[in-house]
Protein chains: 2
Amino acid sequence: MPSPDAPQILLALQLANGYGAQPGAWRMPGTDPSAYTDMDVLVRYAQTAERGKIQLIFLADTPVLDVDLEQQAPHHATDPIVVLTSMARSTERIGLVATSSTTLNEPFTIARQFKALDIASHGRAGWNAVPTSIPAAAANYGITLPSRQDKYERAHEVVQVVQALWGSWEADAWVRDVEGRRFADMSKIRPVNLRGRHVASAGPLAIPPSEQGQPVIFQAGGGDAGLEVAARYATGVYANPFTIDEGRAHRDALRAAAERVGRDPDEVKLFAGFMPTVAASRRAALDRRRILDESVDLDQRVRYLGSMIGLPLTPAQLDEPLSADQLAAARPSPGDPRAPHALDVAQEGWTLRDVLAHGVIDYHPVVPGTAADVADHMQEWFEAGACDGFSLAVDVYADGVDTFVDEVVPLLQQRGLFHTDYEGTTLRDHLGAPAQYGTDPRLS
Amino acid sequence: MPSPDAPQILLALQLANGYGAQPGAWRMPGTDPSAYTDMDVLVRYAQTAERGKIQLIFLADTPVLDVDLEQQAPHHATDPIVVLTSMARSTERIGLVATSSTTLNEPFTIARQFKALDIASHGRAGWNAVPTSIPAAAANYGITLPSRQDKYERAHEVVQVVQALWGSWEADAWVRDVEGRRFADMSKIRPVNLRGRHVASAGPLAIPPSEQGQPVIFQAGGGDAGLEVAARYATGVYANPFTIDEGRAHRDALRAAAERVGRDPDEVKLFAGFMPTVAASRRAALDRRRILDESVDLDQRVRYLGSMIGLPLTPAQLDEPLSADQLAAARPSPGDPRAPHALDVAQEGWTLRDVLAHGVIDYHPVVPGTAADVADHMQEWFEAGACDGFSLAVDVYADGVDTFVDEVVPLLQQRGLFHTDYEGTTLRDHLGAPAQYGTDPRLS
């Protein structure tokens, strides 16, 4: 068992539409098909996650309808601020984090809304600052996407203006001296008057510091340009490594980049996307995932699996395993980091339907199995330095969040890998992030 | 008593910062000086208003710090969407309305956030669509204010795009057919693809209709240009008449303008701003207001009062009434509609301090008095056709909202002037507004 002072796994629970990430989740047994518009459902997930001492809820977001609603639910929440505020009113500790686009929003709006959420939640808000890369989202705002360089230039400006607005009240500016008739010390509330090439704001924001000073910054995606944003401003980074090697490479690059700008690399935490399916056995977990797979195009997927492992597979073979000849001829595609794992699973003798049910072509690593299988995977990645924690895309249907909290969390705790209670009351406390007002002086 | 079918008064409770509208309200007895950041305080006011069957909460808003915080609290809520969502979670009937600037926000953001609030509140949201006229607010968004003509041209475009986005799902588009594996009918969910001179959006919005279809539109201010916005789109209009004549003129103009664009004038309701102070007697109400007045510059106000009634008044006379000579020489300024009322009050023999405590130079009509005095005023205005209801800037301190609900509301109900229960569950129900999806076909 690691020493009590050793780093521990951090957990984010990804929630969005009230059903979970899988396309057919909205019509699973035990699922309310109207969950998308029922704040109570989302609030209950947040409460369950809080019961499990999970550090934060994360709502990934792009302001666009990007799925075919004939069969699938929308990917994203009705609105992140509305959903997180609803959660804030019915929870006390768990962090509340959402994406808001640096490409499509003005910094004053972001600063005001996330700070108000930070106030309403008593210091539990975080902002995932990402440029938007989907042209249809830009079209919702009447624009075409800027160049990648312009988007990242703007992202830096937006984060800096937002942080400056957040810091426009000093920590002790809000006096509230009833006897002395002094509401605030205006010498400690200052405009920011920043103007960049893309955005500008005068300020100040009309909101005092929260219990954690100001919201926590997260970052996701973007290659080297994204790494630079993360290194300069972020406390948490959402990443999508398929393998331990990929995770370690990303985390090492992130830590090195943070060090280059003068930060302690331990201040930047990498959350690896992860889709666990917990059941009494691997077979039961696969059955659970097979139900979810009914909504996806398995014919297309089986062909894609073939291209991944170098075999011309057809849907006719869906309920058979690979033959000995096929196994001998198979070659993992060097262009897809998921390919070796896909072949490993196929070599275990599963039918192609079950190979796919293992999630070998999903967009995060999938572990279908017992709570111990899931905990083993997390432990292996964490101890290999592939991540500081996980961003969990749990299949939430039929008490999926409860199952994770009741079965996986205790195992991680027994192994000394996960805290047994929140370290404090704010998101900064949960992440070990230092207090902050305004832009970080170490970077100026 | 009017017949049961006669129109009744509509009531909006203006809330903003948790203290009430008066500058010194934050430090009054019984007031939490931290109420600005305490959602619980604001939620309790909403619950009290709901107990009184008040139709809606209204948060006026401008995204700017426009007061000197040394002595005063901010005028506006930390963020309207965060505050109204907090209220939505702890109330069941009352409408939830806030201003969002048509000058500074993109229509997709407004459409998404107010629709999400409408979903979270089960059909109780409303949007007060107003251009911004404060240069410092524009500077927070990095721009200088456009011309008045451009602002109103943009306002029309923004409202039309927002309503089109709200209507991008037909009423029965959200199928949720679990057996048939059909989440929605995509033939009934359509992009809007609107492009104006100022704003554009592709859509669709990823949010189904709420229980009231889509949020209700409100409007405020803007002279003839504002009247045109109100006539075309609004169900409720916030107005600031100082006299019955002013209210009637505004309401008549509004109804005529609505008729010109083909609407039933009864669909547009004028809410007159009103600041009641309820106490056991007028003397007690004046004392209550005098405490609040301690935070304002009475020296300046007494001089202003003088200019209103044509006398060179000085602070030296603050605790004396006007002399007989002064009363004989006084002439109400024709440029200030509040002047005749100010002189009427002075003629009753009050000291200048008490004349000012009557609110004669406040920005809404003030009635300091008993519940019956307040109800009499409301009845007189309403029956004279000066308004369809009132936007109440109650002095909330020390249970001011409870006092209004427990003392004034029953009187209005006894007189047949105010409903005794909500007519339905949605804001449209409360206002008698027809269901709406998208832009109104009668206007197209």
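User: How many salt bridges are counted between domain 1 of chain A and domain 2 of chain A?

Analyst: The model is a predicted one. Between domain 1 of chain A and domain 2 of chain A, the count is one salt bridge. Domain 1 of chain A comprises 10-276 + 370-443, and domain 2 comprises 282-357.

User: What else describes the contact of domain 1 of chain A with domain 2 of chain A?

Analyst: The C-alpha centres of these two domains of chain A are 34 Å apart. Domain 1 of chain A contributes 15 residues to the contact, and domain 2 of chain A contributes nine residues. Together they bury about 1100 Å², with 55% of this area on carbon and sulfur atoms.

User: Why is D395(B) called buried?

Analyst: Buried means under 20% relative accessible area. D395(B) has 3%, and therefore counts as buried. Its salt-bridge partner is R288(B), with the closest N and O atoms 2.8 Å apart. R288(B) has 13% relative accessibility, so R288(B) counts as buried.

User: Which parts of chain B does the pair of D395(B) and R288(B) tie together?

Analyst: D395(B) lies in the loop between β11 and α14 (400-414) of chain B, whereas R288(B) lies in helix α8 (residues 282-293), so the pair ties together parts 107 residues apart in sequence.

User: What makes P321(B) partly exposed, and where is P321(B) found?

Analyst: P321(B) has 37% relative accessibility and therefore counts as partly exposed. P321(B) is found in the loop between α9 (298-309) and α10 (324-329) of chain B. Leaving aside neighbours within four places in sequence, P321(B) is in contact with Q326(B), G349(B), W350(B) and T351(B).

User: How do you know that both faces of strand β11 of chain B are covered?

Analyst: G389(B) and S391(B) on one side are buried, and so are F390(B) and L392(B) on the other. Four bridges join β1 (residues 10-14) of chain B to β11(B), and these strands run parallel. L13(B) has L392(B) as its bridge partner in β11(B). Strand β9 (residues 269-278) of chain B is also joined to β11(B) by four bridges and runs parallel. F274(B) stands opposite L392(B).

User: How do you know that chain A and chain B are in contact?

Analyst: In all, 69 residues of chain A are in contact with 69 residues of chain B. The two chains bury about 5900 Å² between them, 58% of it on carbon and sulfur atoms. Of the area that chain A buries against chain B, R89(A), R112(A) and F183(A) supply 13%, more than any other three residues. Across the interface of chain A and chain B, the rule finds eight salt bridges. The side chains of R89(A) and D40(B) meet in a salt bridge at 2.9 Å, N to O.

Conventions. Residues are numbered from 1 along each chain as its sequence is written. Chains are lettered from A and ligands numbered from 1 in the order in which they are written. This is a predicted model: local features need pLDDT of at least 70, side-chain atom pairs count only at pLDDT 80 or more; totals for chains, interfaces and linings use all residues. Side-chain values use heavy atoms; hydrogens and water are left out. Buried means under 20% relative accessible area, exposed over 50%, partly exposed in between (1.4 Å probe, protein chains only). Helices (H or I, at least four residues) and strands (E, at least two) are DSSP runs, numbered from the N terminus. Two strands pair if DSSP finds at least two bridges between them. Domain bounds come from an automatic or database domain assignment. Contact means heavy atoms within 4.5 Å. Buried area is the accessible area (1.4 Å probe) that two parts lose on being put together, summed over both. A salt bridge is a side-chain nitrogen of Lys or Arg within 4 Å of a carboxyl oxygen of Asp or Glu.
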